[in-house]
Amino acid sequence: MKTSFRTIALVFGREFRAYFATPLAAVFLLVFLALSAGLAFFAGGFFERGQADLGPFFAWHPWLFLILMPAIGMRLWADERRSGVIELLMTLPVRAHEVVIGKFLAGWAFTAVALVLTMSFWLVTLYLGSPDNGIVVASYIGSFLMAGAFLAISACISAMTKNQVIAFILAAIVSFLLVMSGTNLVLAALRGWAPAFVVDLVQSLSFITNFDRLTRGVLEAPAVILFLSTIVLALWINVQVVDAKKAA
Amino acid sequence: MQLVQASGLVKTFSRLRAVDGVSLEVSRGEVVGFLGPNGAGKSTTMKMLTGFLEPDAGTASIAGHDVFADPIAARRHLGYLPEGAPAYGDMTVADFLAFVGRMRGLSNAVLGERLAEMVERVNLAAVWNRPIDALSKGFKRRVGIAQALIHDPEVLILDEPTDGLDPNQKHDMRELISAIAPGKAIVISTHILEEVEAICSRVVIIAEGKVVADATPAALLDAAAVDGQRPTLETVFRSITGSKAA
């Protein structure tokens, strides 16, 4: 598959800047910082635990991302379709996968900015005590990978519609299912009738279970592979959707 | 070699056959006016010519490159103004044109020259650093033309380039198209018949997805003449497409 990295870089640059061209970036960063801090302090007992670690902070990330990543991804393709720019974009001498990758990387880089801004937490815990920095680093990597998986799913769904609201809601629902698949609620409902390997499979796909593994400080291969392969699969579907539904 | 060559293009949306066997050839130096009532299949045909839409049957090529088998090569020779002149509203005119130019592979040196020429030719100096969202319809349309011309393509496909412009702007747009026409093959869809007489060297009329006339404006009028009196193009258009629809 021929790939022009120049095209990917150009699309990336345009999309990354586009986040900051509207109030979306500021609103997103504020909400993300406020919620991740608020939840860690008030619902996670960040201080009461009396431990210098970031566990209560990271524990909320799956729940935050399942709402916030669809918010970042929803405009990536739906807006192109609504405005008709997709027609211009896809008649330039570029390949669909170059545009798909460029757009995804722009959203992912924006997420990285949001995560970097939360590192003030890390500094606070370093000041207050001595957190296990290995765990913190592994957790950040896990959080970034999980966010990428949510984002790729959101971008893919965004390519299926010209309506950003629909893109957001569908992406949030799919993300919710992936988060919930590891909980007893879902597993108990399956255990009654599904064969054991299906239950195991569903459980192994759970974003929460896999993210928890990473926040324990070990970059476990299965968890990393799950998130990376989710990204690859979602982007591959994204390319197919863009190719097939160019005119819809 | 024909710069634009399409044969037997067919496109069906759910049950509606939007384009039904359209063939079209455009050679260098020609400006083809693509006419037809709303819903006749003009935009759909143009989308297939550009390779944006895949036809159910038929082939299309731009400058000798099949638009589906070798899309990247075909698109390099093509400048396209989609219906409604879409653009990234959050970008300034300068940034947007530079983005399109780079996506088309222009080097920075060439891009600089081309941007300077676009400012001049398409008359964009007044809005150069303004966001596209803040522009009037006339300027947006001009930005759309400028992005189609940025790489100086051999083939231009313009879907309603003068739609929504005031009479002065329409005049300017026609002047521009006439000025760039030599050496290029241009296809323009329009509803404005006077425009066709002013700038087009050939008229292709489609109705219900089929080509119903393909001639020079003069030949079309002569063929419809009664007692040596040429009718207006509008009368011809109405008699050809109106009877089809009835």
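So, how many salt bridges does the rule find across the interface of chain A and chain B? There are 2, taking a salt bridge as a side-chain nitrogen of Lys or Arg within 4 Å of a carboxyl oxygen of Asp or Glu.

Quick housekeeping. This is a predicted model, where local features need pLDDT of at least 70 and side-chain atom pairs count only at pLDDT 80 or more, while totals for chains, interfaces and linings use all residues. Residues are numbered from 1 along each chain as its sequence is written, chains are lettered from A and ligands numbered from 1 in the order written, and side-chain values use heavy atoms, with hydrogens and water left out.

Okay, the interface. Chain A puts 25 residues into the contact and chain B 24, with contact meaning heavy atoms within 4.5 Å. Together they bury about 2400 Å², 67% of it on carbon and sulfur atoms; that's accessible area (1.4 Å probe) lost on putting the two parts together, summed over both. On chain A's side, Arg14(A), Glu87(A) and Pro93(A) supply 28% of the buried area, more than any other three residues.

Arg14(A) also turns up in a salt bridge with Asp90(B), at 3.1 Å, N to O. And which elements give two or more residues to chain A's side? Those are α1 (5-21), α4 and α5 (85-89), helices here being DSSP runs of H or I, at least four residues, numbered from the N terminus. The largest share, 8 residues, comes from α1(A).

Now inside chain A. The axes of α2 (residues 24-43) and α4 (residues 61-83) of chain A come within 11 Å and cross at roughly 175°. The axes are lines fitted to C-alpha atoms over the stretch in contact, with angles from 0 to 180 degrees between N-to-C directions. So α2(A) is roughly antiparallel to α4(A), the label for angles over 145 degrees. Residues making that contact include Phe28(A) and Phe32(A) from α2(A), and Phe65(A) and Ile72(A) from α4(A).

Last one: Glu80(A) and Lys103(A) meet in a salt bridge at 2.9 Å, N to O. Glu80(A) sits in α4 and Lys103(A) in α6 (residues 96-117), so the pair ties together parts 23 residues apart in sequence. Over all chains, the salt-bridge count comes to 20.

Key. Parallel < 35°, antiparallel > 145°, perpendicular 65-115°, else oblique.
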